[in-house]
Amino acid sequence: MHKSFDQAAGIRQMRHMKPVRVIAVTSGKGGVGKTNLSVNIGVALSKMGRRVAILDADMGLANVDILLGMFPEFNLSHVLSGEKSLKEIMMTGPSGLKIIPASSGIQRMSDLSSIEQAGVIRAFSEIDRELDVLIVDTAAGISASVVNFARACQEIIVVVCDEPTSLADAYAYIKLLNRDYGLNSFHIITNMVQSAEHGQALFNKLSKVTDRYLDVALHFVGAVPQDEYLKKSVQKQTPVVEAFPQSKAALAIKNLARKIDSWPIKPKAGGYLEFFVERMIQFSAKEDVA
C-alpha cells in the first residue's frame with residue numbers, strides 16, 4: 001500500500017514537472033486581429049487535445065469574452081484580493097478552452113504585498129498541472145504592462161497586417177524588446193493577407209528591416225488570409241475554427257496551431273506557470289520603482 005502510494009505521488013510529481021508552454025500574442029498596434037487569432041489558435045490547440053487557457057491581459061478592452069459572447073462576473077483582481085481562486089474565475093469556452101479574465105487585476109501587479117505575491121504565484125501553480133498551453137493575449141501598443149507580459153513569456157508572437165503603421169509599430173515593438181531587454185527571438189504571423197505569397201512577402205519586408213538594424217531572429221509562423229467567414233464568425237461570437245472549420249481562415253489557423261504545437265519548450269525558461277508569474281511580478285515591481 002505504501003509503495004503504491006509513493007508511486008502515485010511520483011506520477012503526480014512527474015505531471016507537475018511537465019512545463020506549460022507560455023506564449024504572448026501581441027502587436028505593435030490595434031486592429032490587426034490579434035485577439036481573434038489568440039482565441040482561434042487556442043481553440044485549434046484544444047481540438048488537438050491540448051489543455052489550453054487564455055489570459056486576457058488587455059486592461060482596457062477585455063475582448064476575449066466579447067468575441068466568445070461570455071460575461072465574466074469575476075477577474076484576476078478578485079484572485080489578488082483573496083476573494084476568489086483562479087479556478088473560480090476561469091470560464092470554459094468552445095472545445096474546453098479556458099478563459100482567465102484579467103482586466104483591472106493587471107494594474108495591481110506592481111502594488112502587491114509579499115503575501116499577495118505568494119498568493120498569486122500559488123494560484124497559478126495550482127492550475128499548471130491542468131494546462132499544456134497558456135496564451136497571453138496582451139493589449140496593443142508598447143505600454144509597460146504589455147512589455148512586461150512579453151518578457152515574462154517563453155515565446156512571443158507578433159501579429160502584423162499589410163498596413164504601414166502595423167509594420168512600423170511592430171518594428172518599434174521588436175526594437176524596444178531587443179535593445180532595452182535583450183530579447184532576440186520573435187515569431188511573426190501575418191494576418192488579413194490576400195494570399196500565402198502576400199503573407200510571406202509581408203514577413204520578408206519586416207525581416208529585411210530588422211536584419212539591417214537589429215540583432216534579432218524573426219521566425220515566420222504563417223499567414224491567415226482575408227476571409228468573409230472570419231467576419232461572420234465574429235458576428236456569431238463563435239471562433240471561425242468552430243463555426244466555419246473548412247473556411248480558408250480556419251484551415252490556415254489550424255496549420256498555425258500545428259506549427260506552434262511542434263515548438264520545443266525551452267528548458268532554460270523553466271516553463272512553469274510559477275516562473276511566468278514570478279517574472280511578471282518582478283518586472284512590474286521594477287517598472288514601478290523606475
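Modeller: Two residues are in contact when they have heavy atoms within 4.5 Å. In this protein, residues 24 or more positions apart account for 79% of the contacts with a separation of 6 or more.

Colleague: What kind of model is this, and how are residues numbered?

Modeller: It is a predicted model, in which local features need pLDDT of at least 70 and side-chain atom pairs count only at pLDDT 80 or more, while totals for chains, interfaces and linings use all residues. Residues are numbered from 1 along each chain as its sequence is written, and side-chain values use heavy atoms, leaving out hydrogens and water.

Colleague: What is the average pLDDT of the protein?

Modeller: The average is 84, and 84% of the residues score at least 70. pLDDT is the predictor's confidence in each residue, from 0 to 100.

Colleague: Which element has the lowest mean?

Modeller: Helix H1 (residues 2-17) has the lowest mean pLDDT, 44, whereas strand S8 (residues 217-225) has the highest, 98. Over residues 1-16 pLDDT stays under 50, and the model has 7 contacts there beyond four places in sequence.

Colleague: How many helices and strands are there?

Modeller: There are 13 helices and 8 strands. Helices (H or I, at least four residues) and strands (E, at least two) are DSSP runs, numbered from the N terminus.

Colleague: At what angle do H8 and H9 pack?

Modeller: Helix H8 (residues 164-181) and helix H9 (residues 196-213) pack at about 35 degrees, with their axes 11 Å apart. Axes are lines fitted to C-alpha atoms, for helices over the stretch in contact, and angles run from 0 to 180 degrees between N-to-C directions.

Colleague: Which residues of H8 and H9 make the contact?

Modeller: H8 contributes Leu167, Ala170, Tyr171, Ile174 and Arg179, and H9 contributes Leu202, Lys205, Leu206, Val209, Thr210 and Tyr213.

Colleague: On to burial, then. What share of the protein counts as buried?

Modeller: Of the 290 residues, 52% count as buried. Buried means under 20% relative accessible area, exposed over 50%, and partly exposed in between (1.4 Å probe, protein chains only). Helix H7 (residues 144-152) is mostly covered, with 8 of its 9 residues buried, including Phe149 and Arg151.

Colleague: Why does valine 158 count as buried?

Modeller: Valine 158, found in strand S6 (residues 155-160), counts as buried because its relative accessibility is 0%.

Colleague: What does valine 158 touch?

Modeller: Not counting residues up to four places away in sequence, valine 158 touches residues including Thr26, Ser27, Ala170 and Ile174. The C-alpha atoms of valine 158 and glycine 28 are separated by 7.7 Å, although these residues are 130 residues apart along the chain.
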